[in-house]
Amino acid sequence: MVRRAWIWAGLAGLLPGRVLAHASEGAFVLLLPTDAYIAGGVASVALTVLLIALIPEARARRLFLSWRLSAATRRRGQMVTSALSAALLLWAVSQGLTGTQDPVHNPLPLLVWSGMWLFLLAGQGVLGDLWGWLSPFRVTAALPGLFGVRPLLRYRPGWGYWPALASYLAFAAVLMVHIAPTDPDRLAWMVLGYWGGTLLGCLLFGPRWLLRGEGLTLLMRLFARLAPLRRQGGAWRLGLPGWDLERRAAPRLSLAVFMLLTLALGSFDGLNETFRWMGWIGMNPLEFTGRSAVVGPNLTGILLAGPLLVAVYGLSIQAGLVLIDAGGFRQSFRALAPAILPIAYAYHLAHYLPAALVEGQYLLNMVRHSLGLPEGTVTTGFFNRQASVRVIWLSQATAVVLGHVLAILMSHAAAIRLHGSHRRASLSQAPLALFMILYTLFGLWLLASPRGA
Amino acid sequence: MTETPSKTKTGLISPTRRGALKTLAAGTAAAATMPLWARYTSAQSAAPIKIGFGKHATGIGAAYGRWYERTSVAALAKINAEGGINGRPVELVTEDDGTDPRRAAEVLEKFANQSDCDVAFGTLFSHVVVGAAPRAGELKLPYFVVSEGHHVASGMLNRWTLQPGITDVKSQISAMAPFLTGTLGKKVTMIYPDYAFGYDHRDNLAPAIEAAGGEVVAKIAIPPTETSFTKYFPQIPRDTDVIYHVMIGPAVLTFVKEMGEFFGPSRPEIFGFIDSLEATDLTSPGLEFLEGTYFWEGNPRYLQADAPDYVKAYRDAVGLDENGASVSDPSDVSTSAHMFGCWETLHIIKAGMEAAGYQSTADRQKLVEAVEAMSMMEAGPAHPQGTKMFNGKTHQVFGPQYISKVEGGKLSVVKTVPYEETIYPDEVDYTSMSF
């Protein structure tokens with residue numbers, strides 16, 4: 001006998017062990033004319049491909065120039081804010097171990113999954129490097145130095161960003177595979193483990209470890225480079241989102257792969273909730289039996305998503321080079337990878353928007369509770385109205401489309417630098433542009449699909 | 001122990017009526033007049049009674065979990081205001097089971113071994129109950145589920161697992177048959193999802209319909225992943241009087257909309273289970289077609305004109321407006337047909353502990369025996385859903401079932417099936433099993 005009845009298949013799984021999956025939203029989405037919306041979104045991206053090929057070369061080259069706004073004062077106090085953040089995290093960990101085990105009321109899962117993963121990561125791409133101020137790891141990395149401990153080992157340049165990629169994968173495994181990532185006491189140990197690992201890395205290799213070996217910090221920094229307002233060369237500069245990525249040298253191979261992985265894992269995080277995926281793994285989406293039943297498929301998914309995306313991306317790059325009869329695959333592979341970041345960032349925004357609307361209320365209640373104020377009643381009523389569901393869906397779709405449009409612009413600008421001319425850049429970009437158009441379709445399809453986990 | 005049921009002319013089983021449990025009301029009135037500090041001082045221990053609440057805080061049951069929590073918190077506030085249990089305050093110890101059977105079993109262990117809970121309570125989804133109940137038996141932890149699954153009464157669980165606060169799906173379905181055939185029509189076409197949940201309806205409804213003089217003329221099973229239904233409607237026989245639908249999942253609004261488009265203005269009678277639309281606003285687009293159709297409700301979502309004061313008090317305590325939505329957001333519709341079970345179960349735990357003279361976890365067995373000894377539960381502040389009869393042998397309660405009609409986008413109760421008409425023969429006697 002199986003428990004019956006629930007129509008909120010929708011959002012469960014958006015966060016690890018998603019809180020408050022009330023997918024009346026899913027039911028309303030199925031009533032929306034999403035086919036038309038998707039067609040419009042895909043057409044917008046396709047049009048961007050055409051337009052960028054048609055605009056004058058000089059203008060295309062200037063797309064990602066930035067304007068100096070004002071002199072930037074030195075950053076002061078980041079170590080203090082980082083120490084405060086570390087203290088907050090320590091307190092949250094203690095709450096995780098001793099406080100209520102209800103994840104919607106315990107500060108640890110609320111701070112880690114909602115505050116950090118959901119909101120802070122989203123803030124990075126718009127507001128810049130908030131993580132630089134709020135990372136508890138910055139002060140951690142400085143600790144050994146404070147006690148006069150010098151790095152025990154030298155970080156070999158050949159290791160690149162591979163350790164960060166490994167730690168990001170471990171993080172993703174907790175997010176998508178672990179059966180109880182929001183359980184406060186288990187999460188407390190996982191946070192301590194990750195934190196301890198980071199401290200160990202910094203003891204061995206110095207603060208450099210944060211840049212090369214710690215996946216979360218790397219991800220945060222990469223998304224921050226999408227922000228339109230950035231500090232560069234002692235000044236605040238404003239430009240098209242992504243300008244700070246465009247001005248940099250091509251990333252190393254390991255960093256390029258990391259960038260691709262951000263999109264691969266974000267995509268799988270959406271795919272694994274759909275009826276289609278459930279069908280593939282033989283799970284009835286109407287009686288999803290919990291995360292413990294899908295550990296194998298989800299682990300396989302996160303391990304395969306990266307290589308699969310790298311392969312498709314690589315093929316697109318190679319096809320473009322064949323079209324213009326050019327070589328330099330490795331250089332192109334690296335130079336064009338940053339253009340994937342806006343898509344990954346857009347996926348994050350779109351994927352977590354509904355969750356943010358609910359989690360934000362719990363987070364706010366946690367703050368109010370800490371301040372001795374009365375807590376509000378959490379509602380999911382906005383998933384219950386056609387009008388609000390339409391606004392939510394279109395906001396998600398807009399993020400996805402804009403992410404792809406920006407990706408097209410960034411990859412074109414990078415291609416001009418690679419191949420010297422506007423025409424050759426356009427031709428070389430045709431396969432990658434096709435890939436991005438299809439990815440827009442995929443992303444919007446994900447949003448419109450019935451979900452069941 | 002319950003008394004031997006007797007056969008009735010309908011062929012169903014009816015119990016002999018017993019008086020209400022005296023302990024249900026005992027003491028509460030007197031206690032309520034005392035100041036809070038004084039209410040607990042007469043107890044041998046002033047330490048709180050701990051009720052382990054296995055909450056579907058995450059996973060597919062999360063929306064239910066939120067309302068189960070609200071209802072449980074409201075019930076405990078009432079119980080504590082009335083003097084607690086045996087003079088001791090009561091508190092919820094909440095753990096998230098992730099709507100996952102493996103985690104639910106772990107949660108029971110935490111309740112028993114770490115947080116020293118007196119009982120476990122609150123699980124809804126059947127697969128979670130079925131996965132966790134064996135562990136409750138091993139831990140010898142009284143496990144009060146609010147699941148409405150038939151697994152308790154079917155005999156597949158154990159002496160430590162009880163469902164005294166919500167009726168089971170078998171009694172619900174079979175209780176609908178006389179109304180279907182007597183009021184709506186003899187020829188019934190069933191539309192249900194093609195898996196276990198749908199089969200429960202198929203297998204329980206068809207015999208009941210036939211026993212009531214009707215006929216199931218078609219059984220249309222729809223694959224769980226289907227999101228468009230137009231190709232299935234032509235399978236509905238033309239002579240169908242009543243469509244019985246139990247579609248669930250995100251496609252349910254689409255199902256209703258397409259059914260409305262298929263039939264246009266001339267449609268057969270339509271009967272559904274509110275589970276399809278639990279927590280969904282009936283004025284949602286696509287649902288206009290449901291106007292004039294009927295639903296089973298476990299407990300009326302909308303405040304009925306003749307609702308007694310104790311029903312209003314229950315709804316006020318939980319924070320429901322007249323439409324069964326949150327008083328703080330009229331769009332936030334509750335899981336009304338199920339969550340009352342938490343309120344009632346907590347009151348039964350209180351009554352059981354008081355009947356057993358429960359003092360500590362050493363008295364857990366006495367508690368189970370005391371609940372098994374319960375029978376009648378009269379409608380009132382502790383049982384706002386209605387008068388029920390608990391069967392100690394099968395660990396399952398039988399209660400009233402509501403049939404409501406959609407009128408002006410709201411559900412109005414048109415018939416209440418009393419508990420006596422929902423009873424079926426015992427399938428197990430847990431009291432004959434050892435602890």
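Which residues does B:Val146 touch, not counting residues up to four places away in sequence? The list is B:Tyr68, B:Gly122, B:Thr123, B:Leu124, B:Gly165, B:Ile166, B:Gly341, B:Cys342 and B:Thr345. Here, two residues are in contact if their C-beta atoms, placed from the backbone, lie within 7 Å.

## Before you read on

This is a predicted model, where local features need pLDDT of at least 70, side-chain atom pairs count only at pLDDT 80 or more, and totals for chains, interfaces and linings use all residues. Residues are numbered from 1 along each chain as its sequence is written, while chains are lettered from A and ligands numbered from 1 in the order in which they are written.

## B:Val146 and its surroundings

Let's stay with that residue. B:Val146 sits in the loop between β6 (143–144) and β7 (161–162) of chain B. Strands like these (E, at least two residues) and helices (H or I, at least four) are DSSP runs, numbered from the N terminus. B:Val146 has 27 C-beta neighbours inside 10 Å, so it counts as buried. The cut-offs are these: a residue is buried if 20 or more other C-beta atoms lie within 10 Å of its own, exposed if 12 or fewer, and partly exposed in between, with C-beta atoms placed from the backbone. Between the C-alpha atoms of B:Val146 and B:Leu162 there are 8.9 Å, with the two residues 16 apart along the chain.

## Chain A as a whole

Chain A holds 19 helices and three strands. Its radius of gyration is 22 Å, close to the 22 Å that the globule rule gives for 453 residues, so chain A is as compact as a globular protein of that length. For the record, that radius is taken over C-alpha atoms, and the globule rule is 2.2 Å times the number of residues to the power 0.38. Picture the C-alpha atoms of chain A filling a box of roughly 60 × 60 × 40 Å, taken along the principal axes. Of its 453 residues, 54% count as buried. Among contacts in chain A with a separation of 6 or more, 80% come from residues 24 or more positions apart.

(pLDDT is the predictor's confidence in each residue, from 0 to 100.) Where pLDDT is low, the predicted coordinates should not be read in detail.

Chain B comes to 12 helices and 19 strands. Buried residues make up 57% of its 435 residues. Of the contacts in chain B between residues at least 6 apart in sequence, 69% join residues at least 24 apart.

Now zoom in on strand β8 (residues 187–193) of chain B. Six of its seven residues are buried, so β8(B) is largely enclosed by the rest of the structure. Seven bridges join β8(B) to strand β9 (residues 215–222) of chain B, and the two run parallel. The chain gets from β8(B) to β9(B) through helix α8 (residues 196–211) of chain B, in a right-handed β-α-β crossover. Right-handed means that, with the strands pointing away from the viewer, the path from the first strand over the helix to the second runs clockwise. β8(B) is also joined to strand β10 (residues 242–245) of chain B by four bridges, again running parallel. Two strands pair if DSSP finds at least two bridges between them.

## Partners across the strands

In β9(B), B:Lys219 is the bridge partner of B:Met190, and B:Ile222 is that of B:Pro193. B:Ile191 stands opposite B:His245 in β10(B). B:Lys219 has 18 C-beta neighbours inside 10 Å, so it counts as partly exposed. The C-alpha atoms of B:Lys219 and B:Met190 are separated by 4.8 Å, although the residues are 29 apart along the chain. Leaving aside neighbours within four places in sequence, B:Lys219 is in contact with B:Met190 and B:Arg202.

## Where the chains meet

The contact takes 60 residues from chain B and 54 residues from chain A. By class, the side of chain B that touches chain A has 22 nonpolar, 24 polar and 14 charged residues. Ala, Val, Leu, Ile, Met, Phe, Trp, Tyr, Cys and Pro count as nonpolar, Asp, Glu, Lys and Arg as charged, and the others, Gly among them, as polar.
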